[in-house]
Amino acid sequence: MKNFHYFAARTVKEAVSLLEAHGDAAKVLAGGTDLIVQLREGLRSADCVLDVKKVPELMELRLGADGLRLGAAVPCYRVYGDEAVRSQYPALADATHIIGGWQIQGRASVGGNLANASPAADSIPPLIAYQAICEIAGPNGRRRIPVEEFCTAPGKNALGRGELLVALQLPPQPPGSGAHYRRFIPRNEMDIAVVGVAANLTLASDGVIQAARVALAAVAPTPVLAREASEFLVGKPAEEDVFREAGDLAKLSASPISDMRGPADYRRHLVGVLTRRVLVTAAERANTP
Amino acid sequence: MPKHHITCTVNGDEVEFLCEARQSLLEVLRDVLRLTGTKEGCNNGNCGACTVLVDGVPVDSCLVLGVEAEGARIETIEGVARDSRLHPIQQCFLEDASLQCGICTPGFIVAAKALLDRNPNPSEAEIRFDLAGNLCRCTGYDKIIRAVQKCGAPLRGVD
């Protein structure tokens with residue numbers, strides 16, 4: 001690996017000014033499980049590596065009345081290891097528990113998974129299903145964008161020069177909510193999703209769906225909201241037939257490619273199957289407070 | 001570029017070293033500190049042969065920069081045995097012949113010890129899930145799983 005300058009920022013301001021000064025020659029280091037591999041294999045290059053794990057705001061995990069605030073560099077093991085996150089944001093716990101193995105989860109962050117912008121990123125469908133907001137700091141202050149606007153193409157994101165992803169804000173979940181993330185892989189663990197599906201449902205006491213968000217990974221250039229499926233579910237009873245129809249509608253949001261992980265038709269079929277199964281689990285969780 | 005001066009603890013001892021920013025913690029452990037018990041397998045975070053604990057958390061040391069060790073508490077395979085006494089997990093690996101070529105073994109031992117410290121009575125499924133980040137191309141895993149399960153009992157007795 002080519003040598004580089006290493007700098008550990010202590011504040012967001014310090015990180016932003018360094019990113020602004022160096023532009024694309026500076027790379028942000030959170031858990032490093034993507035960046036270090038990419039630098040070593042020559043897929044990306046850096047004159048300067050900026051470690052952001054000493055910035056307290058990026059390492060903060062806080063649950064409050066305004067929901068979950070997740071610092072961009074918080075590693076996966078802290079996310080699924082937090083009992084309140086597991087009960088209030090179970091789909092995010094599901095995803096962070098299956099990103100790589102234990103050793104990867106000790107380092108890899110949700111913010112890094114998002115910024116790396118892989119179409120197959122496991123943590124992004126739950127973030128979309130939870131309507132997460134990305135908080136971005138830049139030379140001109142802070143801005144906030146919905147998470148589904150953050151990834152712009154495979155490996156590309158909405159960050160401009162000098163901008164840093166600081167945190168993700170997930171709104172509080174109303175009573176009667178349940179969510180799940182599941183992916184299909186041909187192995188039991190340690191693999192990249194052929195298809196990933198997250199769903200977040202809010203049920204009324206009579207079992208009618210009040211709010212629904214379904215999101216897909218590995219079937220489009222970026223993880224996507226399954227809009228038709230999500231809108232269809234609202235006002236319907238939380239029943240298997242409804243979930244099957246939502247699975248069919250979710251396929252409308254998929255534009256998969258054929259690659260080594262699976263042909264496009266297979267992926268489209270999997271979207272239907274996984275969406276139905278994920279909705280069943282999300283509804284079960286909504287019914288067990 | 002000047003080297004970085006890093007201070008941390010390794011297996012309880014305070015250690016100082018100089019490293020380049022590009023050097024991984026694995027390279028530092030093996031080539032600078034001469035702690036060659038930690039093995040290099042894939043060098044890209046798939047195989048777990050280089051597993052160490054950083055502040056108590058299992059990580060692949062090939063995916064950590066040496067400079068990131070500043071102020072950290074590092075534990076390696078060299079710190080698992082006490083004096084000349086093997087840790088129970090090492091004893092179980094020996095008794096069950098849970099290794100052949102041995103390259104993956106230090107990583108498995110460090111990860112398995114961390115697993116048992118957290119959960120002294122894991123099920124087979126839990127062991128297989130938590131050790132999925134460690135690859136072994138010799139044993140077929142069954143003997144490793146058995147050793148970890150067997151080890152749970154004496155560890156609980158020690159508690």
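Analyst: Domain bounds come from an automatic or database domain assignment. The model is predicted: local features need pLDDT of at least 70 and side-chain atom pairs pLDDT 80 or more, while totals for chains, interfaces and linings use all residues. Residues are numbered from 1 along each chain as written, with chains lettered from A and ligands numbered from 1 in written order.

Start with chain A. Its assignment lists three stretches: domain 1 (5-51), domain 2 (56-170) and domain 3 (177-287). Between the C-alpha centres of domain 1 of chain A and domain 3 of chain A there are 35 Å. For scale, a box of roughly 55 × 45 × 35 Å along the principal axes holds the C-alpha atoms of chain A. Eleven helices and 14 strands make up the secondary structure of chain A (DSSP runs numbered from the N terminus: helices H or I, at least four residues; strands E, at least two). Take the contacts in chain A with a separation of 6 or more (C-beta atoms, placed from the backbone, within 7 Å). Of these, 65% join residues 24 or more positions apart.

Now the contact itself. Chain B brings 23 residues to it, and chain A brings 22 residues. On the chain B side, two elements give two or more residues: strand S4 (57-60) and helix H4 (124-130). S4(B) gives the most, with four residues. By class, the chain B side that touches chain A has twelve nonpolar, six polar and five charged residues (nonpolar: Ala, Val, Leu, Ile, Met, Phe, Trp, Tyr, Cys, Pro; charged: Asp, Glu, Lys, Arg; polar: the others, Gly among them).

How is chain B itself divided? The assignment gives domain 1 (4-79) and domain 2 (88-158) of chain B. Their C-alpha centres lie 21 Å apart. These two domains also touch. Domain 1 of chain B supplies 14 residues to that contact, and domain 2 of chain B supplies eleven residues. On the domain 1 side, strand S3 (residues 51-54) of chain B gives the most, with three residues. The classes on that side are seven nonpolar, six polar and one charged.

Facing domain 2 of chain B, strand S3 of chain B leads with three residues, and one charged residue is counted.
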